Amino acid sequence: MAQEKANISIARQPGILYLPSQMLETRKLIEKKSAKEGLDGVAVEWRTRRC
């Protein structure tokens, strides 16, 4: 049986191409979807890479 992962780390860069990931972050859509699927306690860490 596979183990559930409770922490997710997502890297992104500033810019218009990363607008979808910014919307995921501000609306907490990953956390909401995982809770809806029965995976409570999922934490998302958003890492921004700056040049």
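Colleague: Which residues make the nonpolar surface patch of about 520 Å²?
Modeller: This is a predicted model, so the answer is about predicted positions. A residue needs over 30% relative accessible area and no salt bridge to belong to a patch. The nonpolar surface patch here is made by I16, L17, Y18, L19 and M23.

Colleague: Is I16 buried or exposed?
Modeller: I16 sits in the loop between β1 and α1. Exposed means over 50% relative accessible area. Because its relative accessibility is 70%, I16 counts as exposed.

Colleague: In what order do the elements of the protein run from the N terminus on?
Modeller: The secondary structure comes to two helices and two strands. Read from the N terminus on, the order of these elements is β-α-α-β.

Colleague: Where is K28, the residue with a phi near 55 degrees?
Modeller: That phi is a positive value, and K28 is a residue other than glycine. At 48% relative accessibility, K28 counts as partly exposed. The place of K28 is in the loop between α1 (19-27) and α2 (29-36).

Colleague: How many residues apart in sequence are the parts that the pair R12 and E25 ties together?
Modeller: R12 forms a salt bridge with E25, and their closest N and O atoms are 2.3 Å apart. R12 lies in strand β1 (residues 7-12) and E25 in helix α1, so the pair ties together parts whose separation in sequence is 13 residues.

Colleague: How many salt bridges does the structure hold?
Modeller: One of them is the pair R12 and E25. Another joins the side chains of K33 and E37 (3.4 Å, N to O). E45 also forms a salt bridge with R47, with the closest N and O atoms 3.2 Å apart. The total for the structure is three.

Colleague: What is the relative accessibility of R47?
Modeller: E45 is partly exposed, with a relative accessible area of 40%. R47 also counts as partly exposed. For R47 the value is 47%.

Colleague: What share of the residues of the protein count as buried?
Modeller: The protein has 51 residues. R12, with a relative accessible area of 12%, is one of the buried residues. Of the residues of the protein, the buried share is 12%.

Colleague: Among contacts between residues at least 6 apart in sequence, how many join residues at least 24 apart?
Modeller: Here contact means heavy atoms within 4.5 Å. Among those contacts, the share that joins residues at least 24 apart is 62%.

Colleague: Where in the protein is confidence highest?
Modeller: The mean pLDDT of the protein is 86, and 88% of its residues reach 70 or more. Confidence is lowest in β1, at a mean of 89. With a mean of 93, confidence is highest in α2.

Definitions and conventions. Residues numbered from 1 in each chain as written. Predicted model: local features only at pLDDT ≥ 70, side-chain atom pairs only at ≥ 80, totals over all residues. Heavy atoms only, no water. Helix = DSSP H or I, 4+ residues; strand = E, 2+ residues; numbered from the N terminus. Buried < 20%, exposed > 50% of the residue type's maximum accessible area, 1.4 Å probe, protein only. Salt bridge = Lys/Arg side-chain N within 4 Å of Asp/Glu carboxyl O. Patch = residues over 30% accessible without salt bridge, like charges linked within 9 Å, V, L, I, M, F, W, Y side chains within 5 Å. Areas by Shrake-Rupley, 256 points an atom, 1.4 Å probe, with all protein chains shown as cover. pLDDT = per-residue confidence, 0-100.
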